[in-house]
Amino acid sequence: KEMERQTEEIQQKMEAQVAAEVRQGEELRERIEALQETYTSVSDQLEMSQISNEKLQVDRDNLRNDVQRLEEMLEEERELNEKERKEAEDEAKKKQEQLDKLNQKKEELSITVRELDKQMQAEREAASKKESSLRTELSGVEEALTSSRKETGQVLSDLKEARKENASLKDKV
């Protein structure tokens, strides 16, 4: 989820940055168009009004330089935008590859966890059967012990009785 959130953040930042750069490009384009219109207007006025040819030539050269500078700036912005877009795409690709690897590891871990669950369940069942078997065996041993105690008590009682009889026979003899 963290990787998805980071990927979405990068994508949102990239989209916001691209949108901002597109707006800047549009503004520069509008400025260029406005300057080109101004240049055209000045050129028309120069021909029509015959104002100082030198001053208009300087103004026109300045406007040309401005337009050229703006076009160069626009081209630089386009190149920068393209470079940043490519870097962002490369970064997004790397993040996607990392996300794919993490998803693969997650799937492998899920399989391992399922296998461990099956193994633990089998071990629990075996332990339960062993416990049941031991309880049955213990119950049998307890019954045998109880029976043996009873028999021992009876034998002791018979032995005491035999001793008494033996003692009484000795006394008689």
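Trainee: Let me start with K95. Is K95 buried or exposed?

Mentor: Relative accessible area decides that, and buried means under 20%. K95 has a relative accessible area of 15%, so K95 is buried. Keep in mind that this is a predicted model.

Trainee: Where is K95 found?

Mentor: In helix α2, which covers residues 53-172.

Trainee: Which residues is K95 in contact with, leaving aside its neighbours within four places in sequence?

Mentor: A contact is a pair of heavy atoms within 4.5 Å. With those neighbours set aside, K95 touches M3, Q6, T7 and I10.

Trainee: How many helices and strands does the protein have?

Mentor: Two helices and zero strands. The radius of gyration then tells you how spread out the chain is: here 51 Å, against the 16 Å that the globule rule gives for 173 residues. The value is well over the rule, so the protein is more spread out than a compact globule.

Trainee: What does the C-alpha trace span along its principal axes?

Mentor: About 175 × 20 × 15 Å.

Trainee: And how much of the protein counts as buried?

Mentor: Of its 173 residues, 12%. K95, at 15% relative accessible area, is a buried residue. The accessible surface of the protein comes to about 14,500 Å², and carbon and sulfur atoms hold 51% of that.

Trainee: How should I read contacts along the sequence?

Mentor: Take pairs at least 6 apart in sequence, then ask what share joins residues at least 24 apart. In this protein the share is 78%. A34 and V67 are 33 residues apart in sequence, and their C-alpha atoms are 9.8 Å apart.

Trainee: Where does A34 lie, and is A34 buried or partly exposed?

Mentor: A34 lies in helix α1, residues 2-49. Its relative accessible area is 38%, so A34 is partly exposed.

Trainee: Now charges. How many salt bridges does a search of the whole structure find?

Mentor: Twelve. The test is a side-chain nitrogen of Lys or Arg within 4 Å of a carboxyl oxygen of Asp or Glu.

Trainee: How are D66 and R69 placed in helix α2?

Mentor: They are three residues apart, so about one helical turn separates them. D66 is partly exposed at 25% relative accessible area, and R69 counts as partly exposed at 46%.

Trainee: What about K86 and D90?

Mentor: Their side chains meet in a salt bridge at 3.5 Å, N to O. Both lie in helix α2, four residues apart, about one turn of the helix. K86 is partly exposed at 47%, and D90 is partly exposed at 34%.

Trainee: Let me try E131 and R135. What is the N to O distance in their salt bridge?

Mentor: It is 2.7 Å. E131 and R135 are four residues apart in helix α2, so they too sit about one helical turn apart. E131 counts as partly exposed at 41% relative accessibility, whereas R135 is exposed at 54%.

Trainee: Which residues do salt bridges with shared partners join into one network?

Mentor: E82, R85 and E89.

Note on methods:
Residues are numbered from 1 along each chain as its sequence is written. This is a predicted model: local features need pLDDT of at least 70, side-chain atom pairs count only at pLDDT 80 or more; totals for chains, interfaces and linings use all residues. Side-chain values use heavy atoms; hydrogens and water are left out. Buried means under 20% relative accessible area, exposed over 50%, partly exposed in between (1.4 Å probe, protein chains only). The radius of gyration is taken over C-alpha atoms; the globule rule is 2.2 Å times the number of residues to the power 0.38. Accessible areas come from the Shrake-Rupley method with a 1.4 Å probe; for residues, only the protein chains shown count as cover.
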